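Dear colleague,

Please find below the structure that I am handing over to you. My notes on what was found in it follow directly after.

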Amino acid sequence: MKIDAVEVREIRLPLRERFEISSGYSEERRILLVRLHADGETGWAECVAGEDPGYSYETTETAWHVLSQFLIPVLLGAEVEGPADVERRLSHVRGHPMARACLEMACWDLEARRRGLSLAEAVGGSGDPVPVGVSVGLQKSDGLLVDKVGGFLAEGYRKIKLKIKPGRDVEMVRAVREVFPGAPLMVDANSAYTLADRDRLAQMDDLDLLMIEQPLAWDDLHEHARLQQSLETPVCLDESIRSAGDAELALELGSCRIINIKPGRVGGLGSSRRIHDLCHARGVPVWCGGMLESGVGRAFNIALATLPGFTIPGDISASRRYWERDIVDPEFEVVDGMMTPPSGPGIGVAPDERRIDELTMRVARWPRGRG
């Protein structure tokens with residue numbers, strides 16, 4: 001198929017509430033949406049880069065630049081065989097996996113629509129409902145956090161992820177555990193600690209946590225291996241895993257016992273499947289994390305989570321968890337802690353183009369002047 005045209009637009013979507021992690025907070029998402037046009041069909045995707053480089057060196061601005069100057073010119077007018085071919089063509093750009101991922105993932109949507117398959121079917125998964133969890137940002141007090149957790153448990157979420165940072169960790173998590181002794185809890189540090197904090201982190205071993213996610217540096221594997229040796233609680237790696245090669249090295253070093261796969265972080269669905277296949281073959285559980293995506297990005301996450309190795313509920317909450325109104329129809333819903341992947345062709349939900357137009361801050365199209 002020939003890539004006839006590409007569109008990138010930035011929308012600004014306000015969160016329902018402030019979302020805070022160890023490295024900062026968000027009140028609004030600047031989201032890049034990508035559309036690929038080929039042979040009369042359209043594929044959508046979302047770039048998950050953040051507004052600042054707190055999670056990754058990639059940002060909304062760097063992604064716009066790299067897409068415009070280096071990635072889209074390679075694809076425009078090209079005859080491509082599918083997502084794997086798009087991934088190969090973009091591999092000359094070092095780093096910038098989030099920018100590369102949105103084009104590769106748009107091709108997955110495009111190809112699935114052309115073949116009349118749901119995205120879940122196209123990636124090799126199923127149409128079965130999957131269990132989902134929710135991420136809870138740092139709150140102003142333990143009491144507010146307990147109330148938040150109680151509300152999400154009442155909604156049926158199958159896993160509760162608590163954000164932590166130094167000064168808001170052991171005692172805070174213990175307060176939640178005392179109120180909800182049987183709740184499926186985990187914590188996420190977003191690289192807020194060092195190996196000198198291992199005794200502090202070990203104090204959470206008696207809190208019956210599913211895992212401690214990314215406690216140490218975002219690019220580290222060696223010190224995570226030393227930390228995991230001193231903890232009973234499994235370490236889960238997120239930011240440190242950017243490819244199947246990283247995942248293989250982490251498992252060989254003993255850096256973690258669980259891996260979080262985010263398609264944008266690792267360069268797309270093809271890379272995500274390779275990490276999944278590696279872990280599944282070794283009996284290592286994986287799950288799909290979230291990046292405060294709109295419904296467009298959420299559609300890719302739920303499709304990926306239908307693969308058999310995703311045995312831990314992902315951070316794939318309902319649209320209304322973050323947005324007063326999403327940009328897709330229908331919005332994503334959670335029923336008794338489960339989410340059903342859309343069954344329609346491609347991402348299976350319709351982008352609300354009128355709402356997207358209202359939220360658009362800038363747009364660029366190739367060939368230039370199109371539209």
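In which loop is Pro330 found? Please note that the model is a predicted one. Pro330 lies in the loop that runs between strand 12 (328-329) and strand 13 (338-339).

The peptide bond joining Asp329 and Pro330 is cis, with omega about -5°. A cis peptide bond also joins Trp366 and Pro367, where omega is about 0°. Pro367 is placed in the segment after strand 15 (360-366).

Asp208 has a positive phi, near 55°, although the residue is not a glycine. Asp208 sits in the loop between helix 7 (198-202) and strand 8 (212-213), and Asp208 is exposed, with a relative accessible area of 57%. Leu292, likewise not a glycine, has a positive phi near 55°. Leu292 belongs to the loop between strand 11 (286-288) and helix 12 (295-304). Leu292, however, is buried, at a relative accessible area of 12%.

Helix 9

Helix 9 spans residues 244-253, and its buried residues are Asp246, Ala247, Ala250 and Leu251. Around the axis these four cover an arc of only 130°, which puts them on the same side of helix 9. As a general point, an α-helix has 3.6 residues a turn, so residues three or four places apart point the same way. The cover over the buried residues of helix 9 includes strand 9 (235-237), strand 10 (258-261) and helix 11 (269-282).

Both ends of this helix can be described as well. At its start, a side-chain oxygen of Ser243 comes to within 3.3 Å of the backbone nitrogen of Gly245. After helix 9 comes Gly254, with a positive phi near 80°.

The nonpolar cores

There are 124 residues in the largest nonpolar core, and Leu103, Met204 and Ile259 have the most contacts inside it. Helix 3 (residues 97-115) gives the most to this core, namely 11 residues. A second, separate core has six residues, among them Met186, Met211, Cys236 and Trp287. In soluble globular proteins, nonpolar side chains tend to be buried together.

With neighbours within four places in sequence left aside, the contacts of Ile259 include Ala247 and Leu251, both of which are among the buried residues of helix 9. Ile259 is also in contact with Cys236 and Trp287, which are members of the second core. Other contacts of Ile259 include Ile275, Cys279, Pro285 and Val286.

Helix 3 and helix 11

How do the axes of helix 3 and helix 11 cross, and within what distance do they come? The axes come within 8 Å and cross at roughly 90°. Helix 3 and helix 11 are therefore roughly perpendicular to each other. Glu104, Met105 and Trp108 of helix 3 make the contact with Leu269, Gly270 and Arg273 of helix 11.

A buried lysine

Lys163 is located in strand 6 (residues 160-163). Is Lys163 buried or exposed? Lys163 counts as buried, at 7% relative accessibility. The side chains of Lys163 and Asp188 are joined by a polar contact of 2.6 Å. Beyond neighbours within four places in sequence, the residues in contact with Lys163 include Phe19, Glu20, Ser135, Met172 and Asn190, as well as Asp188.

With kind regards

Key: Residues numbered from 1 in each chain as written. Predicted model: local features only at pLDDT ≥ 70, side-chain atom pairs only at ≥ 80, totals over all residues. Heavy atoms only, no water. Buried < 20%, exposed > 50% of the residue type's maximum accessible area, 1.4 Å probe, protein only. Helix = DSSP H or I, 4+ residues; strand = E, 2+ residues; numbered from the N terminus. Arc of directions from axis to C-beta. Contact = heavy atoms within 4.5 Å. Polar contact = N/O pair within 3.5 Å; in protein donor to acceptor, adjacent residues only side chain to side chain. Core = buried A, V, L, I, M, F, W, Y, C linked by side-chain atoms within 4.5 Å. Axes fitted to C-alpha atoms, helices over the stretch in contact; angles between N-to-C directions. Parallel < 35°, antiparallel > 145°, perpendicular 65-115°, else oblique.
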